[in-house]
Amino acid sequence: MSSSSQASQQVPGSEFKEKLPLRDGFSTRLGVVLATLGSAVGLGNIWKFPTLTGSSGGAVFIIIYIISVLLIGIPVMVSELAIGRSARANAVDSMRTSTPNKAPWWLIGALGILSAFLIMGFYTEVAGWVFAYIFKAMSGSILSTSSEVTTAAFTSLVTNSVLSLVWQWVDLVIVGAVILFGVSKGIERVTKTLIPVLLVLLIVVAIRSLTLPGAGEGLEFLFKPDLSKVTASTLLAGVGLAFFKLSIGMGAMITYGSYFRQDQNISGTALRVAFSDMSIALLAGVAIFPAVFAYGFQPDAGPSLVFLTIPSVFASMPAGNFFMVIFFILTFIASIGAQVSLLEVLVSYVNEHLKINRKAATVYSMLGLAVFGSLAALSSSLLSNIKLFGLTFFDLFDFTSSNIFLPVGGLFICIFVGWVWGKEKFFAALTNNGSLNNQGFVSFLFFLIRFVSPVLVLLVLLNGLGVFA
Ligand code: TRP
């Protein structure tokens, strides 16, 4: 085993390191895993995964999603992390310095910056609602089995322009505060504390849900597939969710990879993160669907599932208000690590590329997001009549980021790593210059990255956009 400091000397691209000032990074190996997991776990697990599973037919969707994670998600994640750790820079500069010729592969990084705006645009709004719902739940005002009451509570929030903006900005300030503390003292420390709390709270709610009479129907919905539900759009949604869930396709994992320790096992970390994230999504499904079915609610409510159905479900159960408060707290906690990773893509770019100090870079990025995000925040109020392709800004940001931008970004990252960056650098990065004994697995991953993942993404993308219809 060569020592970690030796490994760091030899990693390709590390010559670039000398040009940068001393960089902050994740400090411990467990810290690396938890920070990366903190990025993956988020509203994707507790809001998007149940919503899509509910509206796309349950178990079949889960299977598509799991296959997407295995054949596309993990290879893309590994590719991004490897580039980031080798280049040790923000997404744009990492792509630029990893390109052996003058080809404009840095555009993938630039596309990522755009995706960060699109995702944060609607994500900060949903996180803002969740935050608001913690207080609504505490006050007991949404504890009702009547859908009129829960709908009125949700509508009064989202149709109020001022409230929508305020909750979004409060959320942005919280996320910005974490970023201001830096990579090891901010991102790593906060996610390390929050992930265990999140897990405990989620398990509490899942046990409550599973022990309700009639929980079996919900489990059946989650785990018994009905193959007739597979369509082009379910396939695209499943692949899109895999991208969204693993925070891949827009440079967040390039950025996080740049903070990885040189002795970190990249593929091992990616596997741990992907499986833990998937388990947390399934656990959220188990926390939600048995209860939804037990009290006779519909699973296919769409994006409002968490805000309309969930309060009624909790209102139906003993000590429901207590569990509802816990549920919204855990959801908000989950959203923080994810948002931090999205904001960090912008901050590291502004900081390193535009040479603006980290504090100012954070403030500028937050201001930019506050302005851009207000388009999504006002989608149900002031701007509700403005639609592009029949979608409000909120829905447009959500749909285009997951279903187009991230898959396209991931597709190009596979092509770049498999065919431009090449086998030698990939192997050096994944085996830590030969010090890890994982050649077989690395060869298999490289095969997926070259031939399988990009082809699958392309087919699903074209199919989902109606090209073969
Ligand atoms: N993975 C997060 C979730 O599931 C969302 C997220 C964080 C994300 N960073 C990202 C999605 C980068 C795409 C790209 O909630």
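Visitor: Where is Ser-258 found?
Guide: In this predicted model, Ser-258 is found in the loop between α12, which covers residues 252-257, and α13, which covers residues 266-294.

Visitor: Buried or exposed, that Ser-258?
Guide: Ser-258 is buried, because its relative accessible area is 1%, and the cut-off for buried is under 20%.

Visitor: And which backbone oxygen lies 2.5 Å from a polar atom of its side chain, I mean that of Ser-258?
Guide: That is the backbone oxygen of Thr-255, at 2.5 Å from a polar atom of the Ser-258 side chain.

Visitor: What about Ser-164, where does that one lie?
Guide: Ser-164 lies in helix α8, which spans residues 161-180, and with a relative accessible area of 1% Ser-164 is buried. A polar atom of the Ser-164 side chain lies 3.4 Å from the backbone oxygen of Leu-157.

Visitor: Let's switch to the ligand. Where does the ligand sit?
Guide: The ligand sits in the largest cavity.

Visitor: Which residues come nearest to the ligand?
Guide: There are 17 residues around the ligand, and of these Ala-40, Gly-44, Tyr-123, Phe-244 and Lys-245 come nearest.

Visitor: How many of the shell residues are nonpolar, polar or charged?
Guide: By class, the shell around the ligand is made up of 10 nonpolar, 6 polar and 1 charged residues.

Visitor: Which helices each supply at least two residues of that shell?
Guide: Those are α2, α3 (43-55), α6 (106-139), α11 (232-245) and α15 (320-352), each of which supplies at least two residues of the shell around the ligand.

Visitor: What lies 2.4 Å from an oxygen atom of the ligand?
Guide: A polar side-chain atom of Tyr-123 lies at that distance, 2.4 Å, from a ligand oxygen atom. On the backbone side, an N or O atom of Leu-43 lies 3.1 Å from an oxygen atom of the ligand, while a backbone N or O atom of Ala-40 lies 2.9 Å from a ligand nitrogen atom.

Visitor: And how much of the ligand's accessible area does the protein cover?
Guide: The protein covers 100% of the 370 Å² of accessible area that the ligand has on its own.

Visitor: You mentioned α2. Which residues does α2 span, with Leu-30 in it?
Guide: Helix α2 spans residues 29-40, and Leu-30 has its place there.

Visitor: Is Leu-30 buried or exposed?
Guide: Leu-30 is exposed, because its relative accessible area is 56%, and exposed means over 50%. Across a separation of 234 residues in sequence, Leu-30 and Gln-264 are 9.6 Å apart in space, C-alpha to C-alpha.

Visitor: Now some backbone angles. What is phi at Ala-319?
Guide: Ala-319 has a positive phi of about 55°, although Ala-319 is not a glycine. The residue is found in the loop between α14 (305-316) and α15, and at a relative accessible area of 51% Ala-319 is exposed.

Visitor: And phi of Asn-432, what is that near?
Guide: Phi of Asn-432 is near 50°, which is again a positive value in a residue other than glycine. Asn-432 lies in the loop between α18 (423-430) and α19 (439-464), and Asn-432 counts as buried, because its relative accessibility is 2%.

Visitor: Back to the loops around α11. Where is Val-230 found?
Guide: Val-230 is found in the loop between α10 (216-223) and α11, where at 39% relative accessibility Val-230 counts as partly exposed.

Visitor: Last one: how far apart are the C-alpha atoms of Val-204 and Arg-272?
Guide: They are separated by 23 Å, for two residues that are 68 residues apart along the chain. Val-204 is found in helix α9, residues 183-210, and Val-204 is partly exposed, with a relative accessible area of 31%.

Notes. Residues numbered from 1 in each chain as written. Predicted model: local features only at pLDDT ≥ 70, side-chain atom pairs only at ≥ 80, totals over all residues. Heavy atoms only, no water. Helix = DSSP H or I, 4+ residues; strand = E, 2+ residues; numbered from the N terminus. Buried < 20%, exposed > 50% of the residue type's maximum accessible area, 1.4 Å probe, protein only. Near = heavy atom within 4 Å. Polar contact = N/O pair within 3.5 Å; in protein donor to acceptor, adjacent residues only side chain to side chain. Areas by Shrake-Rupley, 256 points an atom, 1.4 Å probe, with all protein chains shown as cover. 1 Å grid on protein atoms, 1.4 Å probe; cavity = no way out; pocket = protein on both sides within 12 Å on 5 of 7 lines; lining within 4 Å. Sits in = over half its atoms within 2 Å of the grid points. Nonpolar A, V, L, I, M, F, W, Y, C, P; charged D, E, K, R; others polar.
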